[in-house]
Amino acid sequence: MNFILEGFRKGVILLFGLDSGVLAVLKLSLYISILATFIAVCIGVPLGSIIAIKRFPLKKIIIALINTGMGLPPVVVGLFAVLFLSRNGPLGFLQWLYTPKGMVLAQVIIATPIITGLSLAAVQSVDQRFYQQILALGATTRQSIWVLLKEIRLSVLAAVIAGFGSIISEVGAVMMVGGNIKGQTRVLTTATVLEAHMGNFDIAIALGLILLTMSFIVNLALTFIQQSKDRQK
Amino acid sequence: MIQKLVAYALVFLLLGSVFNTHLAAQENGDVILATTTSVQDTGLLDVLIDAFQKKTGLTVKAIAVGTGQALQMGRLGEADILWVHSPTDEKQFVEEGYGINRTTFMHNDFVILGPKTDPAKVMGMENAAEVFKKISSLKTLFVSRGDNSGTHKKEKIIWKDAGVSPDKNAYIEAGQGMAQTVAVANEKQGYVLADRSTYLSLKKTIDLVIVSEGDQVLINSYSLILVNPDKFPKVNADGAKALFNYLLSRDSKEIIENFGKEKFSQQLFFWDLKDNQ
């Protein structure tokens, strides 16, 4: 019991006296998660909206596939990313294995279905007549999706938050694709695993606290955006 | 309105501090070193790689996996140099033409850990095979790595020497790294084969004690192997050779021999190479 308390004490000290090693790990975590979330949003939100609005054959099957993708096991994504990106794999020429780029790729694959699925559900929750009305007023498809998205930004931002959450907390895929290399691909989650392996539970707790704090700050920012816009209605 | 401004300011601060740093990192002449978790978990790997990178300016991607997986990476040409500890498999690897210049350069040792109550009554026995025999015949719990790592392979060798197989109902395969496997053994109060450095780093958090040590079979030898560039043209042969030479140099010897003295007040790794450079 004592070593847990001691861990927390040291953790708080480390948290406020950020040393350069921890800072580098923190920066890389932020960089990868924010960039991956951004790319996943750029793909997922428009894709989800279009699937929600358009009528086409096999629509239900496609939606079921996306919903399955929302529960994609990160280690499976990691495994396939490693196989594809490895030197002799089909994407080996990119030289992305064990680099931040490869990690972003894996994270995008994990987060895109989540953001797509949640945006899709959000758009579908809007009354169909509303969409018909916008179209009747002469809007193009793109314009009408934009109006729709503005109407449901609360749910769309919830999708972004969910996507970001799945990425920042992920460890299996980044461990496999990144390799947890010091100074190159070590992020908060994989560093926590390593420190726990080494028996340095105090540092592991500190990294955990930093991860939670960072996640809280990002979510705070997103929540401010989400809630402030809503109030103007 | 203020809320909005605060939110945007936060987002921009985050983006700004982060995005300019990592895009520049490019990789080409990087050396991929496939090694074992035991070298990483002690912290030795980071120290040596940092020193090498500082000295040569080359970048090393050190991937810590089990010895089994490291050798597999070598067989597929996915690594440039291996740092592993499973002599029999290493020799086979070289004989099959995948590796060259295999050099055994350092060792540490394994210890058998067990509960203080010592239900198998093996405390103090030096012969590892005899210890395993007693654990098997008394059906006391044994926790195995079960992951084809160097440690797991060593465990299988000792079972073979003992001429018995473990009792199925008293044998757990953790399927995880050394530290978690020891943690499992600690929770379930079983016996476990572990390398001494992992034991030392976990000592303060576990109740297990060393019940047997010092047998010749418990010596854990580490070797370097270069992945054969004739077989895999994509291998970074020059970079691998530079790292190979560095790890066998006097500088490296000094780091390895002094490693752990401060933290654990004892030497963890022992140099095996004749001084001739």
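This is a predicted model: local features need pLDDT of at least 70, side-chain atom pairs count only at pLDDT 80 or more; totals for chains, interfaces and linings use all residues.
The expected span of a helix is 1.5 Å times one less than its number of residues.

**Entry: a helix in chain A**
I picked helix H2 of chain A, which covers residues 20-53, 34 residues in total. From first C-alpha to last I find a reach of 49 Å, close to the expected 50 Å. A kink of about 25° turned up, centred on A:Val41.

**Entry: A:Glu170**
Where does A:Glu170 sit? I found A:Glu170 in the loop of chain A between helix H8 (153-168) and helix H9 (172-178). Is A:Glu170 buried or exposed? I noted 25 C-beta neighbours inside 10 Å, and the cut-off for buried is 20 or more, so A:Glu170 counts as buried. Next I listed what A:Glu170 touches, leaving out residues up to four places away in sequence: A:Pro74, A:Gln107, A:Ile110 and A:Thr189. I also looked up A:Ser33, which is 137 residues from A:Glu170 along the chain; their C-alpha atoms are 9.6 Å apart.

**Entry: chain B as a whole**
I turned to chain B and noted 12 helices and 10 strands. Of its 277 residues, 43% are buried. I also looked at contacts in chain B between residues at least 6 apart in sequence, and 76% of them join residues at least 24 apart.

**Entry: how confident is the predictor?**
For chain B I have a mean pLDDT of 87, with 89% of residues at 70 or more. I marked residues 20-27 of chain B, where the pLDDT is below 50; beyond near neighbours in sequence, this stretch has nine contacts in the model.

**Entry: the nonpolar cores**
Which residues touch the most other members of the largest nonpolar core? I found A:Ala106, B:Leu33, B:Ile81 and B:Leu82, in a core of 101 residues. Helix H5 of chain A, residues 100-124, gives this core its largest share, 14 residues.

Setting aside neighbours within four places in sequence, I see B:Leu82 in contact with B:Ala34, B:Ala70, B:Leu71, B:Gly74, B:Gly99, B:Ile225 and B:Val227.

Definitions and conventions
Residues are numbered from 1 along each chain as its sequence is written. Chains are lettered from A and ligands numbered from 1 in the order in which they are written. Helices (H or I, at least four residues) and strands (E, at least two) are DSSP runs, numbered from the N terminus. The bend at a residue is the angle between axes fitted to the seven residues ending there and the seven starting there. pLDDT is the predictor's confidence in each residue, from 0 to 100. Two residues are in contact if their C-beta atoms, placed from the backbone, lie within 7 Å. A residue is buried if 20 or more other C-beta atoms lie within 10 Å of its own, exposed if 12 or fewer, and partly exposed in between; C-beta atoms are placed from the backbone. A nonpolar core is a set of buried Ala, Val, Leu, Ile, Met, Phe, Trp, Tyr and Cys residues joined through C-beta atoms within 7 Å.
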